[in-house]
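Please examine the sequence and the structure shown here before reading the points of this note.

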Amino acid sequence: MKKAVLLVSFGTSYAEARENSLESIYQELSAAGGAIPVYQAYTSGVIIRKLAGRQIQIDTVEEAVRKVLDHQVQCLYVVPTHMIPGIEYQKLVRILEPYRSSFEKMEITSAVLNQKEDCKKLVPVLQDIFQFQRENYYVLMGHGTEDGANIRYTQMNEAFIEAGLTNVQIASVEARPNLADAISYLQNAGKVDKVVVHPFMVVAGDHARNDMAGETDSYAAKLREEGYEVLAIVKGLGEYPQFRRIYVEKLQEMLGKCNNEAESQIVAGKTDE
């Protein structure tokens with residue numbers, strides 16, 4: 001059975017962020033899949049059009065799936081980079097669903113924080129990445145969504161506290177908990193000198209560069225106005241090998257499951273003879 005992997009992300013127009021995050025994920029999935037080819041697609045039409053103006057061609061999900069079908073692929077493994085199963089993840093699933101009957105098998109991995117339990121599992125990964133220092137406080141900026149999946153940000157904060165990391169908080173751009181909630185948390189914490197802000201996003205794009213680290217009206221600027229020393233690190237989670245490992249493991253788990261199913265079918269076929 002001919003197989004392929006499709007890596008799907010919202011996308012970014014920042015070359016450095018694309019190379020250090022999305023391309024790095026692509027390379028590691030390619031290595032994990034061995035001979036299985038990996039295709040890429042963005043879900044943001046705005047970013048795709050912006051890149052096209054720079055002579056950079058990125059497929060939409062539909063275009064990538066049609067390419068896969070043109071190559072007579074029968075089994076497609078889709079790996080979305082989404083942090084939560086929110087609006088963007090759900091949109092991707094809806095786009096893919098009409099193509100399901102065109103494949104013998106199509107599997108889609110879950111979002112990084114698909115279930116509440118995933119929040120607890122992510123804490124040690126982030127601890128390994130950031131090496132959280134007790135003398136600092138950390139505000140990790142997420143995107144936020146109107147969808148019910150936004151609860152994962154609150155559950156991440158609960159997971160940090162449960163792990164004893166009371167100096168780490170998630171705040172999102174477009175929902176609660178937000179920066180005001182994080183500032184209230186800092187004020188209640190007592191004496192806080194230094195605050196490290198970092199994207200809780202796979203890619204350090206517009207939100208990270210402007211909403212988080214911009215000179216005015218940003219997380220960093222507002223925290224400084226509150227009197228805190230601020231260190232803004234503009235680096236997406238996808239730039240860290242510890243975090244990229246999550247996608248590799250999701251792909252390996254999916255490949256292993258499909259291989260086991262195939263072996264079971266072969267055994268069952270022999271038994272029936």
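This is a predicted model: local features need pLDDT of at least 70, side-chain atom pairs count only at pLDDT 80 or more; totals for chains, interfaces and linings use all residues.

1. Residues are numbered from 1 along each chain as its sequence is written, and side-chain values use heavy atoms, without hydrogens and water.

2. On the sheet: four strands form an open sheet in the order E6-E5-E7-E8, with parallel pairing. Strand E6 (168-172) and strand E8 (229-232) each have a single partner strand and stand at the edges, so one side of each lacks a neighbour in the sheet. From one strand to the next, the twist averages 25°. Strands here are DSSP runs of E with at least two residues, and helices are runs of H or I with at least four, numbered from the N terminus; two strands pair if DSSP finds at least two bridges between them.

3. On one pairing: strand E7 (residues 194-199) and E8 run parallel and are joined by four bridges. Val-195 has Val-230 in E8 as its bridge partner.

4. On His-198: this residue lies in strand E7. His-198 counts as buried because its relative accessibility is 1%, where buried means under 20% relative accessible area (1.4 Å probe, protein chains only). Leaving aside residues up to four places away in sequence, His-198 touches several residues, among them Phe-130, Val-139, Met-212 and Tyr-240; contact means heavy atoms within 4.5 Å.

Conventions: Axes are lines fitted to C-alpha atoms, for helices over the stretch in contact, and angles run from 0 to 180 degrees between N-to-C directions. Buried means under 20% relative accessible area, exposed over 50%, partly exposed in between (1.4 Å probe, protein chains only).
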